[in-house]
Amino acid sequence: MLTTLKTVLANIAKGPATSQYPFKEEKVPAGFRGKVTYDPTKCIGCKTCVHVCAGKAIKINEKEDSFDFTIWDGTCTRCQMCENFCPTGAIKVTDNYHNAYLAEDAYKRACYGNIPYIHCSECNKTIKPLPEVVAQEKLKGENSAYIERSVICPDCRRKMMAKDLMKGLAR
Amino acid sequence: MSKRVYFLPNICAGCEECLEACAREHQGDSLDYIEMVDLYPVPMRCFHCADAPCAQICPSKAIQVSAEGAVVADKSKCIGCGSCLLVCPFGIPKVDTDKKLMKKCDLCIHRLKEGKIPACVQNCSLKALQFGDVEEYEAAKRKKAASKLQKLGDSGL
């Protein structure tokens, strides 16, 4: 009897062994794959993520003046392939483990981004924008030629270059 | 060092023979351009940058700088995303959205390996396109300028 009481008292003093989940945040182990987040300021719309997504959760819908980017959270298998292959680091897998949701919120659980195209400064044609972060990180940001010409469509860029070549060579 | 295709001005007649030669070499797709500047035709192709931005941004690492100094796109790795088109300072890559492939000048790398020169250079009837070493080209230009200076000195000016 006395030993039982001893054990009970010792356990009460130790506190609960289980976590008080909804009322208290729990620590997650390093490398845990949780909800996926998307940063539209870094996205270049290359569709690599669409290509590698195992669950076909990522959709890129190209429209006339913009493109839509969607990650359906319910379809995502947390495989981290998108983060691995994203060339600019626009997609990140967080340690957010809150995966329970109400049935009515099922279609609201998505990462959504709308990226408008820019217009060529010469001929007003629509082209995909080159994010500044990408120019700084990926292309080291040392050469301003990329940034200066990123608002011009490839056709006009070629024409400009031909003009420059002719000017330089005619000397 | 790496060899490139050079263009000599005021010789090109705009006959588009280089475009046709390119199409013959690359399964019917011409990968070169001829841009008209006022009245003068300027043949353009990939400049094969030493520090190519397209190779840096390519998400599937399909674009690589080869040992010959040519910037070559691997067809089996290309996903046709068009990122290279976004950063190319010259607007050279051609993206085929149906086949999801990017096509650009590869300096006729299959011909280079056989010891031949690129098809556009070989077929240029006016020799407006030249294929040569960067350093050789610089040396020839220096020599030309030096001989001009020599002449000036001789004439007593």
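**A walk through chains A and B**

Let's start in chain A, where β2(A) and strand β3 (residues 66-72) run antiparallel to each other and share five bridges; strands here are DSSP E runs of at least two residues, helices H or I runs of at least four, all numbered from the N terminus, and two strands pair if DSSP finds at least two bridges between them. Keep in mind that this is a predicted model, in which local features need pLDDT of at least 70, side-chain atom pairs count only at pLDDT 80 or more, and totals for chains, interfaces and linings use all residues. Residues are numbered from 1 along each chain as its sequence is written, while chains are lettered from A and ligands numbered from 1 in the order in which they are written.

For one bridge in that pair, look at A:I58, whose partner in β3(A) is A:I71.

Now over to chain B, which has six helices and eight strands. Of its 157 residues, 33% are buried (20 or more other C-beta atoms within 10 Å of a residue's own, with C-beta atoms placed from the backbone).

Where the chains meet, chain B puts in 22 residues and chain A 26, a contact being two C-beta atoms, placed from the backbone, within 7 Å. On chain B's side, β2 (33-37), β3 (40-44), α2 (53-57) and α3 (83-87) each give two or more residues. The top contributor there is α3(B), with four residues.

Key:
A residue is buried if 20 or more other C-beta atoms lie within 10 Å of its own, exposed if 12 or fewer, and partly exposed in between; C-beta atoms are placed from the backbone.
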